[in-house]
Each structure stands twice: as C-alpha cells, then as structure tokens.
Amino acid sequence: MKSQKMYFLWIGFFLMLSNILYAQPEFVKGNDPKPLGTSWQLRPEVSDDFDGTELDLVKWKNTDPKRWIGRAPGLFKENTVSVKEGAMCITNYQLEKEEVVNGQTFTHGCGHVISNKNVNVGNYIECRMKANKTFLSSTFWLINYKNEGQGCDKRVTELDIQECVGQVTNPQSWNENFDQSMHSNTHSRNVSCDTPTGSVGNSVDLPSGKVYDDFHVYGAWWKSKNEILFYLDGVYQYSVTPAADFSIDLYIKLVTETYDWNPTPADGGMTGSWEDRTTKYDWVRTWELSTENVEESVGFNEVPNNVPPAKSYDFKVDYVANEKREIVVEVWSANKVLHTAKKTIEKGFGTTSIALEMDETLPSGNNYSWKVSLRAVGGQDNLSDEQIDNIIITSEPVLSIDDLDSVKVAIYPNPTENTLTVDVPKGKYSVDIYNVKGQKVIHKTLKNKGKVDVSALKSGSYILKVQSTQMSHTFNFIKK
C-alpha cells in the first residue's frame, strides 16, 4: 500500500509540474504584450504534445483528399505520418511508380495533418518544429474552408506562420533563403462582396544555421482582425496587417508539400536517411486570453530616462492587484535607496501615475535605477516588482555605451514610438534588442541601413546591440 500511495503522489507531482511548465506560451519568456488583467490559458482541444504512439484523431485529421490531394508532384499520403519519441513526424518519400489523380501526375508522398477544431481571433498559436532536409517544404499555417462561410464570409483567409524548405534547388529563385529563414504570410482570396484580395507577409533569418539544423518555435499572436504579431523562439520579430479582415475561424495545418518554384532534383531528392526526409513537430499549442487565474503584477508603463536633472519625476505604472495594494517607486544608486514614493490602489488593474518629489536634483553623470514594487498595504515584501537599470541623468544625448568618441553606427529617433532606424555601413549585421531583465525581445538581420519595428514593445528602456564580424556597438534607447 505504501508503494502504491507513493506512486500516486509522484503522478500528482508530475501533473502539477506539467501544468506549471505549460502555464504560459513561449513568448512570455521574452516580451509578453498581453493586456493588463488577463492571463494566457491553454486550449487543449487545439494543442498537442504528441506524447503517444499514434496521431490523436480526436484532435487531428490525417489527410483530407476531398478538400486537397496535394500540389503535384507531391501527393498527400497517410503513411507519411507517425508519432515517435514525443514528436509527430511527416516522412516524405518517392513513390515506387507515378500515380495519376484527377489528371495530375504525382511522384512523391507528402504529409497533410489538419486540426479538427479551429482557432480564433485573439489566440496565440505556436509550434516547435524541425524541418526536413529535402526540397520539400516544412510548414505550420492556418486556413478556413470557404464552403463553411455565409454571405461576405464565403471567402478564403490564410495565415502562414512558417514556410520553409530544406534544400533550395533553384538558387535564382526569389526564395533563395527559404532554407534558413522564418517566412510568414497572410492571404485573402476567393472573395465575395467587395472584400479586398492580396497577400501581406514578412520574413526573418534564423539566428544561425539551416531550418533543419535544430528545432525552432514559430508562433503568431492573432491579436485582432487587422493585426498579427509573429515570434521566433519566443522573441517578437514583426507585425502584419492583412489585406482584408482576418475575422473567420481557421484550422491549423501541419504540411509538407512541393513548390512549383523549387523543382524536383534530377535524382528525385529522396536519397537521404529517414531523419533527413522527416519534418518533426515536437508540440503545437494554442492559447487564449482569460480574466481568470490572473497573477498580480506591476511594471513601468512609461519612465523618464536619459533626461536633464530635476527635482521631480513622473512615472506611469501598470498594475494588476487582487486586493487593495501599495505601489512603491524607488530611485537607487550604488545599491542604496535615494528616494521613495508610495501610492495606494484599489483591487483591479490599470495604469496609474506616481510623482517622485525630491529636495535636491539628482546629480548628472551618475548611473541610477528606477524600481517599482507591489506590496501589501504597510508591508515590506514585494509581491511583484520591476527594475530598470543604467539610467543616466544627463542634458546631452547618449549615443553608444561602447564607444562615444568614434561612433560608426547610429540609431534614431530616440526616444521612439514605432520604428528605430539603424544606420550602419554597408554589410550584414545582427541586431538584437534586450529588455531591462536581459531578455532578448527582438532579433533581426540587416543588410545595410534598415528599420526595426518596435511597436509591440512596452514603453520603457531597452538595449540595442549591433554586431558584424568586424564590430559591435551597444545603445540605450527609450520606447515611448
């Protein structure tokens, strides 16, 4: 009996641990832009960790020939799909002999897995995927079925989160980097009424290597009918405004297929190992915003930064409080609290202003830290806090932390609201943006001077690092 009791205790522990591990989507580790007073809740009916030995047909459909047989020469085959070692695998192969279906000739077997339930506006959808090494694609995308719509919604909207190939067989193609990038797109087609048509997308290079070198997490927050935010490995990359409203529920698709711009190699392209020919999906998760089980939190909405010396600073603070609380703002220097301001707020969530008044101005040229904490009224322990370091009080603009005298790289405008221009000499550069906690929130590759979209970042202080093989520069900037 004792061993049986311990068994159930261990089972309970691991269930509790799994709930903790999956209690938030990947991008919370970087920059979480969810509205105040909300939390991310998993939608299990459109999520899967693929821990079994077979595809869960309650959640997924393996091929759907009545709707789509594939793009020749790739024919969707059920036997390409398997579940092994905690991953859903689609293993492509060359057919023993050509097959003619609906007048089209097929030479390769590919995979097509579709969710039985759909996802909606407001959801965050992500998957951890490792691409195959062949000329066939590895994809993660969403689409609706036109015949399910009514009236003006009898149309097609498609959201491609990641489309890539393992081998580019046509190097002159416009998709020459399709084997080392995240490519996203939105499509509006087959419309009725006066709905616009068109495609709007974007792409970003992977931090290093090819799409088949390792697993990556590809995600999209379908924030509204006209705004979709894309994430790579939990880090925000870019936003897209579709050509038409994205307001129709969509199904998840995990697909390998052939592209007409990437022709079949002369040897058939399937000479590699099982591993080379397989796209692996470690997991798929869908999240929705909820007002239940919300954790208390506090953080700066706007903070004064790199400003002239003053006796008073105004702070805007975001908070979520489950009961009456006290917000405490402090100015630190050399590990000491110099000044403090407090404000009592009622249960709820929102943004409040706090004025920090001082008898003397803060001396310029020193490094300071702003810290905001949420505490029980009259308490000392922080229930939640946020600290922004390396604040420089100065009447002059701060250019580069690394090299103020010989700056060859510039960023502007600073402060900025939506876009940062990074002015660099000709060449290829890696641009990374970090929040005050040292978490990377944006990664982008630039070729010459370019722009970085920072519109999804919270207001506050950030660090931007520009690197090439010959140089590295670091900048402070403020997101308004």
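User: Which residues do ring pairs link into a cluster?

Analyst: This is a predicted model, in which local features need pLDDT of at least 70 and side-chain atom pairs count only at pLDDT 80 or more, while totals for chains, interfaces and linings use all residues. Residues are numbered from 1 along each chain as its sequence is written, and side-chain values use heavy atoms, leaving out hydrogens and water. Rings of Phe, Tyr and Trp (its six-membered ring) pair if their centres lie within 6.5 Å; planes under 30 degrees apart count as stacked, over 60 as edge-to-face and the rest as tilted. The cluster linked by such pairs consists of W40, Y124, W221, Y231 and Y236.

User: How many aromatic pairs are there, and what is the angle between the planes of Y124 and Y231?

Analyst: By the ring rule, the count is 16 aromatic pairs. Y124 and Y231 form an edge-to-face pair with 5.7 Å from centre to centre, and the angle between their planes is 75°.

User: Why does the pair of Y124 and Y231 tie together separate parts of the sequence, and how many residues apart are they?

Analyst: Strands (E, at least two residues) are DSSP runs, numbered from the N terminus, as are helices (H or I, at least four residues). Y124 belongs to strand β9 (residues 124–130) and Y231 to strand β15 (residues 227–232), so the pair ties together parts whose separation in sequence is 107 residues.

User: Are Y124 and Y231 buried or exposed?

Analyst: Buried means under 20% relative accessible area, exposed over 50%, and partly exposed in between (1.4 Å probe, protein chains only). By these limits, both Y124 and Y231 are buried.

User: What kind of pair do the rings of F300 and F315 form?

Analyst: The ring centres of F300 and F315 are 5.8 Å apart and the planes meet at 40°, so the pair is tilted. F300 lies in strand β19 (residues 297–302) and F315 in strand β20 (residues 312–321), so this contact ties together parts that are 15 residues apart in sequence. F300 counts as buried at 1% relative accessibility, and F315 is buried at 0%. The class of the F300 and F315 pair is tilted.

User: Over the ring of which residue does the charged end of R285 sit?

Analyst: A charge sits over a ring if NZ of Lys or CZ of Arg is within 6 Å of the ring centre and within 35 degrees of the ring normal. One such case is R67, which lies over the face of Y145 at 3.6 Å from the ring centre. The charged end of R285 sits 3.9 Å from the centre of the ring of W283.

User: Which cysteines does the disulfide join?

Analyst: A disulfide is a pair of cysteine sulfur atoms within 2.5 Å, and the structure holds one. With an S to S distance of 1.9 Å, the joined residues are C152 and C193.

User: Is C193 buried or exposed?

Analyst: C152, the partner of C193 in the disulfide, is partly exposed with a relative accessible area of 38%. At 53% relative accessibility, C193 counts as exposed.

User: How many salt bridges does the structure hold, and with which residue does K77 form one?

Analyst: A salt bridge is a side-chain nitrogen of Lys or Arg within 4 Å of a carboxyl oxygen of Asp or Glu. The structure holds 16 salt bridges. With the closest N and O atoms 3.0 Å apart, the partner of K77 is E99.

User: With which residue does R189 form a salt bridge?

Analyst: R189 is partly exposed at 32% relative accessibility, whereas E158 counts as buried at 8%. The closest N and O atoms of the bridge are 2.7 Å apart, and the partner of R189 is E158.
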